[in-house]
Every structure is written in C-alpha cells, then in structure tokens.
Amino acid sequence: ARLGLWEPAERHASDLVQAALQLSRRTLDPLASRALQLMGLAAERNGHLPALQPMLLSIHRTASLRHDTASQAVAINLVLRGMLLQRRYLPAARLIEHVEAALPLDSSAQLVRFLFAKGRVLSVSADYPGADACLTQALRKAPASTGAGFKQLVQKHSIVVQLLRGIVPERVVFTGIAGSDGGDPDKDMAAALLPYLALTQAVRRGDVEAFTACMEK
C-alpha cells in the first residue's frame, strides 16, 4: 500500500483477513482488523469498495460470532463508507439504527469514523442538531497527531451543518486552532477552510450574491 500498488495490496489483505478469521485465534484479532482496514482502503482506491458490501457483512457476522470486536467495528464502518460513496443515505441510516446499540467501538479511530458517518447521514435527513453533535464529537475524539485530511473533512461538514442550523461559526474555527490545547495553529487546516470562511462571511453579512458566488466557485 505504501508503494501505491493498490490492486495487489487489496488481494493480499483480503487473503490475510480470510486466513485470520478461519484460524479463529483471539491473538490474531488485531491483525485481522488491521488487514481488513487496509483491504477497505485499497478497495476504495481501486474504485470498488461498495461492491464489497456482501463480503463485509459476512465478515461482520463471522467476527460477531467469534467476539472479534475490532473486526466488527471495521467491517461496519467500511460498509457505511461504501454506502456514503454511493450516496445511499437511507440504507446507511437503517444500518446505523440497526447496529449502533450493539456495535463495539473500543477503538477511538473506529468510533470517530462511525460518528462522522452518522453525522453525514443525519445532516442529509435534516437532523442538524444530531449531525452537529456527532461531528463535534468526531473532531474532539480524533487523534491529535494523525489524520489531518480526515479532520479537515469533518470540520468542513461541521461548518456547513452549523450554518444550516442558523449558527455562524466563530472566527477561531477557521484559524486552525479550534479545539486545540493552545499549540501552534494548523496552517493546513486554515488553508483548507478558506472557502468555508468566505461562505460563512457571506452568510454573516446576508450577502446573497457573495453566497451564490462562493457556492459556484
């Protein structure tokens, strides 16, 4: 995967997942969940993650029977990711409702992914307070030192949801230091949010022409 050879990476990761699940050894659970995550990443880069939904649901059932909580969470998050890539929001909402109560989310990384997926689904269904809560939690629980691109994506959705709620985000959100411990500003975050700052400023002023121009751009 580090070399960008996504097709063989997906193939080998899939073989490793199947082997680990068939051996049914608890000591292999972390390896199986990591291989599953890499398989999903490679499948997305290869353009067919949604097509793996039946396999992922089967893996989820097997992992549930084996009490492999890590693989359960990864499998469901990958299914949700595939649904969101296809904009299948209603099936995603039904899946979240079905699995949320029993879904083991011991890993903070998997919890953050689930919260982001749920936030996106709730925003599409116009449950803006619920979406805002999920996205805010995802930002707060995201690792501080990794996942910069993911955090930028979550922040963008969070800004849009707040605007839809009638809340104008504070200027500090766009400086790259919102929610931090007082460290240096995240210049990459600030740069990524520049278009959303312009959008927010247009909303704050009530400038319809500027809002339309921002949306078109």
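**Ground rules.** I number residues from 1 along each chain as its sequence is written, and side-chain values use heavy atoms, with hydrogens and water left out. Since I'm on a predicted model, local features need pLDDT of at least 70 and side-chain atom pairs count only at pLDDT 80 or more, while totals for chains, interfaces and linings use all residues.

**Overall.** I looked up the elements and got eleven helices and zero strands (DSSP runs numbered from the N terminus: helices are H or I with at least four residues, strands are E with at least two). The C-alpha trace spans about 60 × 35 × 30 Å along its principal axes. Of the 217 residues, 41% count as buried (under 20% relative accessible area, with a 1.4 Å probe and protein chains only).

**Helix 6.** I checked its length next. Helix 6 covers residues 108-124, and its 17 residues should span 24 Å at 1.5 Å a residue (1.5 Å times one less than the number of residues). Its end C-alpha atoms sit 25 Å apart, which agrees.

Is helix 6 mostly covered or mostly open? Mostly covered: twelve of its 17 residues are buried. Among them I noted Phe114, Leu115 and Phe116, and also the charged-type Lys118 and Arg120.

Which helices do those buried residues pack against? I listed helix 2 (29-45), helix 4 (69-85), helix 5 (89-99), helix 7 (128-141) and helix 8 (148-164).

Last entry: Ala126 follows helix 6, and its phi is positive, near 70 degrees.

Technical notes
Buried < 20%, exposed > 50% of the residue type's maximum accessible area, 1.4 Å probe, protein only. Contact = heavy atoms within 4.5 Å.
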